[in-house]
Amino acid sequence: GTGVLLGMAAIVVDVGRLYAEREQLQTGADAAAWAVAENCARTPSACGGQAATSGRYARANAADGAAAVGVPCGRGPGLPACPPPVDNRTACLNAPPTTGAYVEVRTSTERPDGGTLLPPAFAGALAGDEYSGTRVGACARAAWGPPRLARGLAVTFSLCEWNLLTDNGATLWPGPGQGVPPAGAERVVYLKDNQSDTCGAGPAGWDAPGGFGWLDDATGTCETTVSAGGNYDGDTGNSVSRACETALADLRAQRRATLIPIYDTVRGTGNNTTYHLAGFASFVLTGYFYPSFAARSWLTGGHPCTGSRRCLYGYFTRGLVPTTRTEIGGPDLGVAVVNLVG
């Protein structure tokens, strides 16, 4: 009886160690996949060189500081295609996404001495010399792409204007290894019907998209939560609310990026304006000009706008939505959200 109890206790201890090992490997795989996805979203050109990143995050979540990590794979710039999934508990939970960018990270047991088997603590004595341990594994996938829903400043630029100012997304700052951009990166976004560039008309029955306008601000914070593909009321921005004056001043002082809803079509005029939103851009405000409310650009020291014009100054960047989970969808305007998907 005593021998049976001791044997059962040995098995329970070893099974517990296997579960603990797998939990650590899964946590490491989740962290590694998330980190690689974020790096790919921020710097697409460096997406394929993330082996060191995935290894660092996987090992950091192992109690002994050791874990074997496969090369990140998936669908994204520079990522190799993933090998066939394993047919056991170490496989990712779900099938890979059928569309869009994603990364997969596979982890498995590696001991500090280089061994790849988790040795038994007690059960080896029962199983004999033939049992030297078990290799445990885990898998995680993270997808990234434009957010369907996000909270941003209650101002909106036209998609036409974004394409013109960013060369269709080719000139987003900062780039790899870059900090504050040169003065030449600054762009000027004009008020609708006050812009320097003329954008083409939208579908029949819609006005020609112009520069920026203000979205209705129900919270009085100059921020709003909106969804790509939705229609939202606003106006063309002849005046600035007190809340938006405060928000613009704070953003300029903090020199941080903010999310800007981007519209592709607009109908109506004045306070009866309705914007159809396409997606979100990340914008660092450097200055602004209204006849009675103005601040010079901290990047150039000047005012590109004068007289009766109404303008926002700044540069567009790549950014991440600070959220745990939101649906991916809409055009890629430099803003991404990361989700664990398996």
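1. R148 is partly exposed, with a relative accessible area of 29%. In this predicted model, the side chain of R148 forms a salt bridge with that of E327, with N and O 3.9 Å apart. E327 is exposed, at 51% relative accessibility. The two partners come from distant parts of the chain, 179 residues apart. R148 sits in the loop between strand 4 (137–145) and strand 5, and E327 in the loop between strand 15 (319–320) and strand 16 (335–340).

2. The whole structure holds 6 salt bridges. One of them pairs E104 with R106, whose closest N and O atoms are 2.6 Å apart. E104 counts as buried, with 4% relative accessibility. R106 is partly exposed, at 24%.

3. A further salt bridge joins E245 to R242, at 3.8 Å from N to O. Both belong to helix 5, where they are 3 residues apart, or about one helical turn. In general, an α-helix has 3.6 residues a turn, so residues three or four places apart point the same way. E245 is partly exposed, with 23% relative accessibility, whereas R242 is exposed, with 66%.

4. Helix 5 covers residues 242–254, 13 residues in total. The distance from its first C-alpha to its last is 18 Å, close to the 18 Å expected at 1.5 Å a residue. Which residues of helix 5 are buried? They are C244, A247, L248 and L251. Viewed down the axis of helix 5, these buried residues fall within an arc of 95 degrees, so they line one face of the helix. R242 and A253, on the other side of helix 5, are exposed.

5. The surroundings of helix 5 can be listed as well. Its buried residues pack against strand 5 (149–153), strand 8 (213–215), strand 11 (257–267), strand 12, strand 13 (293–295) and strand 14 (311–317). After helix 5 comes R255, which has a positive phi, near 55 degrees.

6. The largest nonpolar core has 41 residues. Which of its members touch the most other members? They are L153, F157, F212, W214, L248, L312 and F316. Strand 12 (residues 273–290) supplies the largest share of this core, with 8 residues. Apart from this core lies another, of 17 residues, including A32, A41, V105 and A140.

7. L312 has contacts from several stretches of the chain. Not counting residues up to four places away in sequence, L312 touches V155, F157, R187, V188, V189, F212, L248, L285, G287 and Y288.

8. C222 lies in the loop between strand 8 and strand 9 (223–227) and C244 lies in helix 5, so the pair ties together parts that are 22 residues apart in sequence. Both C222 and C244 are buried.

9. Another disulfide connects C73 and C82, at 2.1 Å from S to S. This link is right-handed, with 100 degrees about the S-S bond. Are its two cysteines buried or partly exposed? C73 is buried, at 5% relative accessibility, and C82 is partly exposed, at 23%.

10. C305 and C311 also form a disulfide, with an S to S distance of 1.8 Å. The link of C305 and C311 is left-handed, at -95 degrees about the S-S bond. C305 and C311 are both buried.

11. T53 belongs to helix 2 (residues 51–60). With 10% relative accessibility, T53 counts as buried. Which residues does T53 contact, leaving aside its neighbours within four places in sequence? The contacts are A35, V36 and N39.

Note on methods: Residues are numbered from 1 along each chain as its sequence is written. This is a predicted model: local features need pLDDT of at least 70, side-chain atom pairs count only at pLDDT 80 or more; totals for chains, interfaces and linings use all residues. Side-chain values use heavy atoms; hydrogens and water are left out. A nonpolar core is a set of buried Ala, Val, Leu, Ile, Met, Phe, Trp, Tyr and Cys residues joined through side-chain atoms within 4.5 Å. Buried means under 20% relative accessible area, exposed over 50%, partly exposed in between (1.4 Å probe, protein chains only). Helices (H or I, at least four residues) and strands (E, at least two) are DSSP runs, numbered from the N terminus. Contact means heavy atoms within 4.5 Å. The expected span of a helix is 1.5 Å times one less than its number of residues. The arc is that of the directions from the helix axis to the C-beta atoms. A salt bridge is a side-chain nitrogen of Lys or Arg within 4 Å of a carboxyl oxygen of Asp or Glu. A disulfide is a pair of cysteine sulfur atoms within 2.5 Å.
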